[in-house]
Amino acid sequence: MKKWMQFLILICSITSTSALLASGGLGEDGGKQMPEVTNAKWKAECSSCHMLYHPGLLPERSWNKLMGGLDKHFGENASLDAETQAEITRFLALNSADKQDNRRSKRFNQSIPANAIPLRISETRYFVSKHDEVSATTFKRKSIGSAANCAACHKGAEKGNFSESQVKIPR
Ligand code: HEC
Ligand code: HEC
């Protein structure tokens, strides 16, 4: 093969690979991040008091328990009409950590003992192990609030992106 042809083939394969990556063909970080998912009712009802938590952060049994106790939701009454509650519960279950095929959701899911039904993402073993270098006083900063405010430090959190390269702790 002529040198210039080899060069041309090399360039073509590089550009098509990066196009595939950029378009999310393999998912960012090769399937590590959660896919972006959405539902209008979930978006409207579950983001008025805090950020939207991606369904892939907790297993189905956690979402079912959380959705079954909205009248006593972390000290707040977050009750919904039966139809809205059922639709959001279905959406969360369908996209939950034990139904997802990305590495991140699997890590969250595997870190939860089979007999446990956590309601807080921030109390899962995987979360705790990944944040052992973030101090309690950092989480309490005015610009952050608590460990539950993922979006303060992970700007892609609501879309399911927790890539290390995007982490930025605000002052
Ligand atoms: C009326 C306000 C309100 C609404 C509406 C609400 N929440 Fe919450 N939620 C809270 C509060 C308060 C907390 C505790 C926050 C903290 O400790 O920082 C919380 C915490 C959570 C947590 C635990 C976060 C963690 O890892 O510590 C999850 C998960 C959650 N909410 C899901 C939902 C879902 C799903 C909906 C929609 C059905 C919803 N919330 C609607 C007030 C609300
Ligand atoms: C105070 C800022 C802060 C908050 C709030 C926060 N994180 Fe993080 N997170 C970090 C830092 C710092 C790291 C470590 C990054 C590294 O290893 O380079 C991290 C790492 C992670 C990782 C592992 C990234 C990787 O590829 O290794 C995940 C997953 C994650 N966070 C999820 C969450 C979730 C879910 C929430 C909310 C429930 C949250 N984080 C809240 C700062 C934060």
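Predicted model: local features only at pLDDT ≥ 70, side-chain atom pairs only at ≥ 80, totals over all residues.
Visitor: Where do I start with the fold? How many helices and strands are there in the protein chain?

Guide: Start with the secondary structure. The protein chain has seven helices and zero strands. Its pattern along the sequence is α-α-α-α-α-α-α.

Visitor: What share of the contacts joins residues 24 or more positions apart?

Guide: Look at contacts with a separation of 6 or more. In the protein chain, 59% of these are between residues 24 or more positions apart.

Visitor: And burial? What percentage of the residues count as buried?

Guide: Of 171 residues, 33% count as buried. The protein chain exposes about 11000 Å², and 56% of that comes from carbon and sulfur atoms.

Visitor: Now the metals. Which residues coordinate the iron atom of ligand 1?

Guide: Read the protein donors first. His50 and His73 each give NE2, and these atoms lie 2.0 Å from the iron atom of ligand 1. Then place the pair on the chain. His50 sits in the loop between helix 2 and helix 3, and His73 in the loop between helix 3 and helix 4 (82-94). They are 23 residues apart, so the pair links distant parts of the chain.

Visitor: Why is the arrangement around the iron atom of ligand 1 octahedral?

Guide: Check the angles. The six donor atoms subtend 86 to 179°, which makes the arrangement octahedral. The cut-off is that opposite donors must be over 155 degrees apart, with all others between 65 and 115.

Visitor: Which residues coordinate the iron atom of ligand 2?

Guide: His131 and His154 do, each through NE2, at 1.9 to 2.0 Å. His131 lies in the loop between helix 6 (125-130) and helix 7 (136-139), while His154 is in the segment after helix 7. The pair therefore ties together parts that are 23 residues apart in sequence. Both His131 and His154 are buried. Around this iron atom of ligand 2, six donor atoms subtend angles of 88 to 179°, so the arrangement is octahedral.

Visitor: What is the volume of the largest pocket?

Guide: About 650 Å³. Of its 29 lining residues, the closest to its centre are Cys46, His50, Tyr53, His73 and Phe74.

Visitor: Which helix gives the most to the lining of the largest pocket?

Guide: Helix 3 does, with three residues. Helix 2 (40-45) and helix 3 (60-67) each supply at least two.

Notes:
Residues numbered from 1 in each chain as written. Chains lettered and ligands numbered in written order. Heavy atoms only, no water. Helix = DSSP H or I, 4+ residues; strand = E, 2+ residues; numbered from the N terminus. Buried < 20%, exposed > 50% of the residue type's maximum accessible area, 1.4 Å probe, protein only. Contact = heavy atoms within 4.5 Å. Areas by Shrake-Rupley, 256 points an atom, 1.4 Å probe, with all protein chains shown as cover. Donors = N, O, S within 2.8 Å, 3.2 Å for Na, K, Ca; no water. Tetrahedral: all angles 85-135°; square planar, octahedral: opposite > 155°, others 65-115°. 1 Å grid on protein atoms, 1.4 Å probe; cavity = no way out; pocket = protein on both sides within 12 Å on 5 of 7 lines; lining within 4 Å. Points joined across faces, edges and corners; volume = space filled by probe spheres on them.
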